[in-house]
Amino acid sequence: MKLSKPKQFFIVLAAFLVLGIPFKVMILVEGFTEVRPVNALPPIAGMICGPLGAFACGVGNMIADMFGTFNGTSVLGFFGNMAAAYLPYRLWHIYSDEQPNLHKNSNILRYVLICFSAALTVSWFLGFGLYYFFGTWIEDIYTYVLFNNFGFSVGLGTPLFIMLSSDDVKIACVHGPKKYLLLKNEKLKKSIPVIHTLIMTVIMVLILVFHFSPADSMTLGVLTAAGVCGIIAISI
């Protein structure tokens, strides 16, 4: 089944709003985030619809924020939710020549690892973006975003994507990127995302275990600069 681009956009947008708005009352950090089953959607939307799906997730998050948490930081949420969809799209096609699907165990494992990498990156982007652009560091934001993204994208997203990629449904996914501007070398293309994920993992450990903050840690500043380089390389 192949859908037109407008239909793809509005289906993803509608699904985001249906899953996102009702849970606005389940607040985790006042004015910033809540319990978010909707975070199961971006990886799937990205893999099926590509950049268009990522944009729909960003718009959907912005609209959903108007029902409870809309403020200046919603701009970060717009880009964070786009990244939550766009990164899985890029990463899947870096490591697989197949159309995205969960027909076999190796693909399920690939999906889980991709969701982990994306969750690490989005929690870093939102947590550190809040600090660098708005002067506020809230460790709970980083923590809740990480577990919301990874927990729901795997726990709820895996069975949902298994169903959508089944032979009975036969959803047609968009083609992968035609070219990579920075990751032209095949070995570099496969190694940079791994290095980036390792950097994000170190950041996670420093925050969750040792309670480092960007306000008083030069190490996190250096790792953040490396993370920016990694995300740019993967994304273009």
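Student: Which helix gives the most to the lining of the second largest pocket?

Tutor: H5, with seven residues. Helices are DSSP runs (H or I, at least four residues), numbered from the N terminus. A pocket is an open set of points on a 1 Å grid over the protein atoms alone, where a 1.4 Å probe fits, with protein on both sides within 12 Å along at least five of seven lines; lining residues have an atom within 4 Å of a point. This model is predicted: local features need pLDDT of at least 70, side-chain atom pairs pLDDT 80 or more, while totals for chains, interfaces and linings use all residues. Residues are numbered from 1 along each chain, and side-chain values use heavy atoms, without hydrogens or water.

Student: Which residues lie nearest the centre of the second largest pocket?

Tutor: Phe79, Ala83, Trp124, Phe125 and Ile231, out of 17 lining residues. By class, that lining has 13 nonpolar, four polar and no charged residues. (Ala, Val, Leu, Ile, Met, Phe, Trp, Tyr, Cys and Pro are nonpolar; Asp, Glu, Lys and Arg charged; the others polar.)

Student: How many residues line the largest pocket?

Tutor: The count is 21, with Lys5, Cys49, Cys173, Val174 and His175 nearest its centre. They divide into 11 nonpolar, six polar and four charged. H4 gives the largest share, three residues.

Student: Which residues of H8 does H5 meet?

Tutor: His196, Thr197, Met200, Thr201, Ile203, Met204 and Ile207. From H5 come Phe116, Ser117, Leu120, Thr121, Trp124 and Phe128. Contact means heavy atoms within 4.5 Å. Eight of these residues are nonpolar, five polar and none charged. Trp124 also lies among those nearest the centre of the second largest pocket.

Technical notes: Helices (H or I, at least four residues) and strands (E, at least two) are DSSP runs, numbered from the N terminus.
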